[in-house]
Amino acid sequence: RMFPNPEPPPETVSINKAINTQEVAVKEKHARTCILGTHHEKGAQTFWSVVNRLPLSSNAVLCWKFCHVFHKLLRDGHPNVLKDSLRYRNELSDMSRMWGHLSEGYGQLCSIYLKLLRTKMEYHTKNPRFPGNLQMSDRQLDEAGESDVNNFFQLTVEMFDYLECELNLFQTVFNSLDMSRSVSVTAAGQCRLAPLIQVILDCSHLYDYTVKLLFKLHSCLPADTLQGHRDRFMEQFTKLKELFYRSSNLQYFKRLIQIPQLPENPPNFLRASALSEHISPVVVIPAETSSPDSEPVLEKDDLMDMDASQQSLFDNKFDDIFGSSFSSDPFNFNSQNGVNKDEKDHLIERLYREISGLKAQLENMKTESQRVVLQLKGRVSELEAELAEQQHLRQQAADDCEFLRAELDELRRQREDTEKAQRSLSEIERKAQANEQRYSKLKEKYSELVQNHADLLRKNAEVTKQVSVARQAQVDLEREKKQLEDSLERISDQGQRKTQEQLEVLESLKQELATSQRELQVLQGSLETSVQSEANWAAQIAELEKERDSLVSGAAHRDEELSALRKELQDTQLKLASTEESMCQLAKDQRKMLLVGSRKAAEQVIQDALNQLEEPPLISCAGSADHLLSTVTSISSCIEQLEKSWSQYLACPEDISGLLHSITLLAHLTSDAISHGASTSLRAPPEPADSLTETCKQYGRETLAYLASLEEEGTLENAESTAMRNCLSKIKAIGEELLPRGLDIKQEELGDLVDKEMAATSAAIETATARIEEMLSKSRAGDTGVKLEVNERILGCCTSLMQAIQVLIVASKDLQREIVESGRGTASPKEFYAKNSRWTEGLISASKAVGWGATVMVDAADLVVQGRGKFEELMVCSHEIAASTAQLVAASKVKADKDSPNLAQLQQASRGVNQATAGVVASTISGKSQIEETDNMDFSSMTLTQIKRQEMDSQVRVLELENELQKERQKLGELRKKHYELAGVAEGWEEGTEASPPTLQEAVTEKE
């Protein structure tokens, strides 16, 4: 047969040969043909058309070899392979889950490999700058993050996830092998180990990029923020180092790939200079030797499968040899210049052999060129890493040189300063010698003056000492007299007055010391005239002696008065002691009266509650069982507190406040329990109602008996509370039987109500957007300057927030529609909403909150733009909208599938709302500060009195605002508590409709 029928293309044949059921490794020549085919057709349509006909779900070995070939195509194939394969992501996920149910053989391996391929596709879809083989330069890596630390942070997390999947496959393959024998030389072992070559290539690049990104993040963010990144890196570093070491010891990898070894210790990211010590791991693939697998095999049918150019080349060569006439009639063999048929057949066969040889040589040349290109690329990567390291070292050398230059300049300046100091030192030494000579002369004269001055000082010291003693005695007498007088008036202030008097005495002593110092200075100034003033000093000494005599006589008189005052003080102290004893007895009697009065008041409150049980018409409302149970719990806590307070009172009778509080609280809680028990019995069946009423009466009588046993002379054993606790246990048991078992809801209206509320919310958002546009137009028409800038910024952020909320509402509708369609089955949407009433009510509440928050925020923005509102109101409205949208997302997310694209869109819309909310808050704070900067206060023209007055007014205003702030916080707490109760009733959070009773501490505060 000269020209056979057309056969399938070589790519289809290679795919079928590469992906088969034989448990052997994929031949490199078939995988290379598949890769070249994707570059020829610029896509992977042929690959997927062949794969879709293969039974991947029924044969694990076939699926494993498919994963290996597909991994190679994603790495080295045409970039459009990823785009053509995205439509099959769901099929890969389903197949991964299916194979995951098998725990032995290739089932678990196929499941993990398919998850890795799915992760690789998602990673390259999110980060299109990364090629399939992950080979990038440092500049391209920086461009991938767009110089944004948030992008680098997210990129690092995604690389961690990617590397985690690679390591998981790596570890699972090793765990599935029997390492006790040489599995790497068997066909089955090589079938499992062959895909790990692609995994090693990916892991080396991911590890290198992760280290560089972590160093970059540590230069921009605090170390505490990146603690989680460092922990995760340490875990992956340990695994990767161990797996690289184990792989390098296998015989199968030694002839195919050169595996790098990681450093002994991980990089220290807290030290920025450690980046220069990092060496990028480079995986080297040695040049392949000729082998039967690598040699091209020429099939018999391939000899006749020639394209148009090869056919024309054959015809031209045939014409050159046999002539054009023969080529016009190739079958007329009898008229070809005597050439017989056998020779022509031999010639044709020889030409075919030449053509096949040329094809083989061309294929070998292509293979060799690709291998050389890959080697050159690896070498380029190594040279780029070395270049980066050399640049870093050069930068360090330049920094060191600059530092040394600065030190050299500093040393030069120090040397100049030292020379100047030496010159000035020589001049100072010369002046010092002259001054020393001058000083020796002055010293001789000074010694004479000192001798005269010493004599005068001795005389002055004696006189001064006598005067100081006299004055000190007089001052002591006056101080003691004043202390005695003050102690009679107010004994409690005695210590303070003594301190004041001592300060006064100290001040007088300081004044006398200053006077003496001044006198000493005068004496020093009058050394030259000291001889003439001796007579005056003698006269003064005589006068001082006379004054001393008079002071001595006065001191004796003061001593007599002091003894009399001391006697009076003793009498006063005796009277004070008797007064204190009487006051202690009076206080003890008053405490006893308070305890008796409090106990009687408590007994009266309990007796009134027991009397109301005998008058059912007085109970005008029906109570609930859970409220009664909460009251019983509070009473149990109150009894324990009362017993502790009674023990403390017996140990320390002065501390009676806690006991009075506990008695009062027990009385009121007991009254509430009796009233709630009676009201609960009105709604209960006859038999439990009678039992509950009788138990409440018995509990009241036991409480009265317990209060009556509380006496000051008694002990803790006399006040026994066991009977009260038994009654409370009976009331609790009856209350638990009377708890309501359900709540009726009009479920048939829920379906329509959900659609109405979502439509109303969308309308509210559209109305708010229109109002914001109208406000922005008015502001541009009427405002200028800073106010216009602030208004435009705030209203622009509000518009962005409304747009984000619109996107969120649309995404929520789509997700709800998906949930209803997937969950209702054959039922109608209304029946689905009625069946899931709690979830439906949550959606309704969240939708109402979003619409209401948008309306309130627009009103607040309108007031702020007009100058009559507060920036804080706008900030609070923004936070409220963020909380409402979070509630809507949470309500929608409850019944959604975690892999649903609508759920992903809803979460993305929620993040957009949060970012828009943050923008509104930031613009509001910025605008507020910008406006406040224009209203700075000027105090330059105010007087001291005016400033003092303004300071007092400001302090008064601060106290008022602090009081108002405390009240508003209390009000906010009560409002939130009431909102929680109303929301619980409206949405069915609790079965009951009443709030639980207060706890012990809240009840004490309320009663006080």
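**Aromatic pairs and a buried histidine**

Phe-66 and Phe-70 are both buried, meaning under 20% relative accessible area with a 1.4 Å probe, protein chains only; exposed is over 50%, and partly exposed lies in between. Before going on: this is a predicted model, in which local features need pLDDT of at least 70 and side-chain atom pairs count only at pLDDT 80 or more, while totals for chains, interfaces and linings use all residues. Residues are numbered from 1 along each chain as its sequence is written, and side-chain values use heavy atoms, with hydrogens and water left out.

The rings of Phe-66 and Phe-70 are stacked, because their centres are 5.8 Å apart and their planes at 5°. Rings of Phe, Tyr and Trp (its six-membered ring) pair if their centres lie within 6.5 Å; planes under 30 degrees apart are stacked, over 60 edge-to-face, the rest tilted. These two residues are four apart in helix 4, so about one helical turn separates them. Helices here are DSSP runs of H or I, at least four residues, and strands are runs of E, at least two, numbered from the N terminus.

The whole structure has 19 aromatic pairs. Another is Phe-47 with Phe-66, stacked because the centres are 6.2 Å apart and the planes at 15°. Phe-47 is in helix 3 (residues 45-51) and Phe-66 in helix 4, so this pair ties together parts 19 residues apart in sequence. One aromatic cluster takes in Phe-47, Trp-48, Phe-66, Phe-70 and Tyr-88.

Now the histidine. His-78 is in the loop between helix 4 (60-76) and helix 5 (80-85). Its relative accessibility is 17%, so His-78 counts as buried.
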